[in-house]
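This briefing is meant for someone meeting the structure for the first time.

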Amino acid sequence: MIEFKNLHKSFGKLTVLDGLDLSIKKGGIFAILGPNGSGKTTLIKCLLGMVIPNKGEINFNNESVLKKWEYRNNLNYLPQIANFPPNLTVIELINMVKNLRPKESKESKLIELFGLEDFLNKKLGNLSGGTKQKVNIVLTFMFDSELIILDEPTTGLDPIALIHLKELIQQEKANGKTILITTHIMSVVDELADEIVFLLDGKIYFKGSIEALKKQTNNNNLEHAIANLISKQYA
Ligand SMILES: Nc1ncnc2c1ncn2[C@@H]1O[C@H](COP(=O)(O)OP(=O)(O)OP(=O)(O)O)[C@@H](O)[C@H]1O
């Protein structure tokens, strides 16, 4: 479904992606992991056309995405930091996004699920971080798309909202969707991920199941298995 071939991206002298190759098949939950600054968001933004690679190919459903935009109709994206217009109310923003995207939307169910009814007429600039993140989640999941990209979706969520988010992700997977998720919360990876994609030094350092990672690192604890991957590389 998605293929990155020999992808390079530098910001000035800083090389972030250094000949990265990765293919992701359709269906399932893929956790994109790596230390801070390893290039997870950059990789996602290359796929979205928000960062232009210096070199390499990116294909979505066997077609190059470079200089294209139509493919974006088939994906939903939750950004790591949502810069909402502070003077709009929650419902104004939801309606604005609905108008921009002429697709069927199911926001009512999500508003109820995350208990946002009482916030609909509040200005986005006055919301708490966690409530803003719930709005971010509603905007991401209200449309039906084959690919869902979630950049740190759990930030600021309380335990109940976190449970609802995890259920939502599982439901999308059950409906055959492909979900890419970046997170530093290993319990989320443990519960959700079918495959781990681990970025280090601008390349994919490991790709496989949690079981395979535990076996390779000879460590039964996911957090320690990941730490083991990093320390072996720098040993
Ligand atoms: N527009 C930009 N201009 C300059 N440097 C950038 C830009 N975007 C990202 N970087 C740098 O590229 C590197 C990779 O950043 P990126 O946000 O992709 O990392 P990440 O793996 O998502 O990190 P984190 O886990 O902290 O979210 C960092 O050193 C970052 O400072």
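Predicted model: local features only at pLDDT ≥ 70, side-chain atom pairs only at ≥ 80, totals over all residues.

Sorted by class, the shell around the ligand holds three nonpolar, seven polar and one charged residues. Across residues 2-226 the end C-alpha atoms lie 24 Å apart, and the span is 34% helix and 27% strand.

**Around the ligand**

- The residues that surround the ligand are F11, L14, V16, G34, N36, G37, S38, G39, K40, T41 and T42.
- Two or more residues of this shell come from each of the elements β2 (14-24) and α1 (40-48), and it is α1 that gives the most, with three residues.

**Helix α1**

- Helix α1 is mostly covered, since seven of its nine residues are buried; these are K40, T42, L43, I44, K45, C46 and L47.
- Of these buried residues, K40 and T42 also belong to the set that surrounds the ligand.
- After α1 comes G49, a residue whose phi is positive, near 80 degrees.

**The six-stranded sheet**

- Six strands, in the order β6-β7-β8-β3-β9-β10, form an open sheet in which the pairing is mixed.
- At the edges of this sheet are β6 (75-78) and β10 (203-208), each of which pairs on one side only.
- On average, and with direction ignored, neighbouring strands of the sheet are turned by 15 degrees against each other.

**Strand β9 and its two partners**

- On one side, β9 (residues 195-200) pairs with β3 (residues 28-33) in the parallel sense, over four bridges; within this pairing, I32 has V197 as its bridge partner, while the bridge partner of L33 is F198.
- With β10, by contrast, β9 runs antiparallel, and five bridges join the two strands; here I196 stands opposite G208 in β10.
- The strands β9 and β10 form a hairpin with two residues between them, and D201, which lies in the turn, has a positive phi of about 50 degrees.

**A helix across the sheet strands**

- Helix α4 (residues 129-141) lies across β6 and β7 (147-151), and its direction is at about 170 degrees to β6.

How values were computed: Residues numbered from 1 in each chain as written. Pairing = 2+ DSSP bridges. Axes fitted to C-alpha atoms, helices over the stretch in contact; angles between N-to-C directions. Contact = placed C-beta atoms within 7 Å. Near = placed C-beta within 6 Å. Nonpolar A, V, L, I, M, F, W, Y, C, P; charged D, E, K, R; others polar. Buried ≥ 20, exposed ≤ 12 C-beta atoms within 10 Å, placed from the backbone.
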